[in-house]
Amino acid sequence: MSAVVVEKTSVATLREGAFGNATNLSCRECGHLVELGPHYACPECFGPLEIAYDFPAVTREEIEAGPRNIWRYKALLPVPTDIETSPNTEPGFTRLLKAHNLGAELGIDNLWVKDDSTNPTNSFKDRVVACALSAAREFGSKVFACPSTGNLANAVAAAGARAGIKTVVFIPSNLEQPKQVNSAIFTESLVAVDGNYDDVNKLASEIAGEEDGWAFVNVNVRPYYAEGSKTLGYEIAEQLGWRLPDQIVIPVASGSQLTKVHKAFQELITLGLVEDKPYRVFGAQAEGCSPVSVAYKAGVDAIRPVKPDTIAKSLAIGNPADGIYVLDICRETGGAVEDVTDDEVRDGIVLLARTEGIFTETAGGTTVAVLRKLVETGQLDTSLETVVINTGHGLKTLDAVAGRVGPVATIAPTYAAFAATGIA
Ligand SMILES: *Cc1c(COP(=O)(O)O)cnc(C)c1O
Ligand SMILES: [Zn+2]
């Protein structure tokens, strides 16, 4: 499948410096090097390609002098040096909040929430899409597209509108209504597909092979897209005062984000921007789509694809492309992969809201619920500094908690009626 896409995609001559300090695409499995282009699979072994760099010396001061968005890390991304001048949604530099109340509730001394729900389209996907958009521009792509579990479609549609490039976004037809509207408001071409995400993804690969000049952000420009997730890792380290946390809990759909946050931490160590130290990476899944957690618990390396059935639709990828790397990272760092039921996901959403005033979507509910379960099962050390990532906004998955929260009473507009409620 991949070879077809590589041949079909014609690329105008790349301009000098189009990808900053990136030098090549490198196969994650065999190390084979490929020239920078809209390629994603190794021509030798079909392994996934990722970006290789020749980093110059980068200082904390240079980064700190940059804009308050992901482009402050442009030297570490496959983007041109003038990236911040082209129209984009300027995501990133979201708040890192000390979670005193949630920490007290869970018995964790030193807990932080990285709140990515405040990105331009209210999920972390704005980061990856901004990097994919830059690559699509450099490749001269005429259509900016994606298969999506929801948030990606929102981010692609918005970024395309701002950049003035045609967008076509594909979603499973059973997606939450707010996520459908949040895409359709930005694009004329929201396509609902009768099938689950894995069906939509397969269709996208087929279209990428048939149509010339389409940049599918998470298919044929996936190596560039994936690098955007590194900025979450960079920001957490910078916001902690150029320090790595001891433990971090990250939701897992395809596993790209978790893999790249780890890559970011490793790059910061290599570049001397943070002190080298051990840290544990934990992955969070919903039980109804937990292929990585199941493999982790079984102690096996192979991931068996599943048919998703969970309210955590943004994490509902039954055949996760980076699942095996998530297993490696969580095992090597002394972390774990854990899963929770849909009811626990709902509890997680309410818990974060009531303790920290942050309304997260089902993915964040999953992550918070997994954090709690990791504490309860003794897998997480409560004396260590811990970061949990909130990747999306609760307004997009209102239905998930509609039955849990609502008016405590409906009363006549009189003092007597209010007094009768016993609230005062
Ligand atoms: C896509 C998504 C994730 C997970 O992303 P992967 O990189 O595919 O693992 C997590 N949270 C939210 C809200 C998402 O939309
Ligand atoms: Zn290879």
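Guide: Let us begin with proline 43 in this predicted model; its relative accessibility is 55%.

Visitor: What makes proline 43 count as exposed?

Guide: The exposed class starts over 50% relative accessible area. Proline 43 has 55%, so it counts as exposed. This residue is placed in the loop between strand 2 and strand 3. Sequence neighbours within four places aside, proline 43 is in contact with His32 and Val34. Its C-alpha atom and that of leucine 33, 10 residues apart along the chain, are separated by 9.5 Å.

Visitor: Which residues are called protein donors of the zinc ion (ligand 2), and how do you know that they are donors?

Guide: They are Cys27, Cys30, Cys42 and Cys45, each through its SG atom. A donor here is an N, O or S atom within 2.8 Å of the metal. Along the chain the donors follow the spacing C-x2-C-x11-C-x2-C.

Visitor: Why is the arrangement around the zinc ion (ligand 2) called tetrahedral?

Guide: Four donors receive that name if all angles lie between 85 and 135 degrees. The donor atoms around this zinc ion subtend angles of 100 to 118°, so the arrangement is tetrahedral. For reference, the ideal angle for four tetrahedral donors is 109.5 degrees.

Visitor: What parts of the chain does the pair of cysteine 30 and cysteine 45 tie together?

Guide: Cysteine 30 lies in the loop between strand 1 (22–27) and strand 2 (33–34), and cysteine 45 in the loop between strand 2 and strand 3 (49–53); the pair therefore ties together parts that are 15 residues apart in sequence.

Visitor: Where is glutamate 90 found, and is it buried or partly exposed?

Guide: Glutamate 90 is found in the loop between helix 2 (60–64) and strand 4 (96–98). Its relative accessible area is 41%, so it is partly exposed. The phi of glutamate 90 is also positive, near 50°.

Visitor: What makes proline 251 count as buried?

Guide: Buried means under 20% relative accessible area. Proline 251 has 5%, so it counts as buried. It lies in strand 10 (residues 247–251). Apart from neighbours within four places in sequence, its contacts are Gln257, Ala284, Leu315, Ala363, Thr367, Ile389 and Thr391. Proline 251 and alanine 286 are 35 residues apart in sequence and 9.1 Å apart in space, C-alpha to C-alpha.

Visitor: Why is helix 9 described as mostly covered?

Guide: Helix 9 (residues 230–239) has 10 residues, and nine of them are buried. Among them are Leu232, Tyr234 and Ile236. Just after helix 9, glycine 241 takes a positive phi of about 90°.

Visitor: How do you know that the largest nonpolar core lies between domain 1 and domain 2?

Guide: This core has 73 residues, and those with the most contacts inside it are Phe144, Val217, Tyr224 and Ile248. Domain 1 (84–89 + 123–225) and domain 2 (96–122 + 229–400) both give residues to it, so it lies between them. A second, separate core of 28 residues includes Ala99, Leu111, Phe282 and Ala284.

Visitor: How many residues of domain 1 and domain 2 are in contact, and what area do the domains bury between them?

Guide: 23 residues of domain 1 are in contact with 30 residues of domain 2. The domains bury about 2100 Å² between them, 47% of it on carbon and sulfur atoms. In domain 1, Ser123, Phe124 and Arg127 lose the most area to domain 2, together 31% of what that side buries. The C-alpha centres of the two domains lie 24 Å apart.

Conventions. Residues numbered from 1 in each chain as written. Chains lettered and ligands numbered in written order. Predicted model: local features only at pLDDT ≥ 70, side-chain atom pairs only at ≥ 80, totals over all residues. Heavy atoms only, no water. Donors = N, O, S within 2.8 Å, 3.2 Å for Na, K, Ca; no water. Tetrahedral: all angles 85-135°; square planar, octahedral: opposite > 155°, others 65-115°. Helix = DSSP H or I, 4+ residues; strand = E, 2+ residues; numbered from the N terminus. Core = buried A, V, L, I, M, F, W, Y, C linked by side-chain atoms within 4.5 Å. Buried < 20%, exposed > 50% of the residue type's maximum accessible area, 1.4 Å probe, protein only. Domains from an automatic or database assignment. Contact = heavy atoms within 4.5 Å. Buried area = accessible area lost by both parts, 1.4 Å probe.
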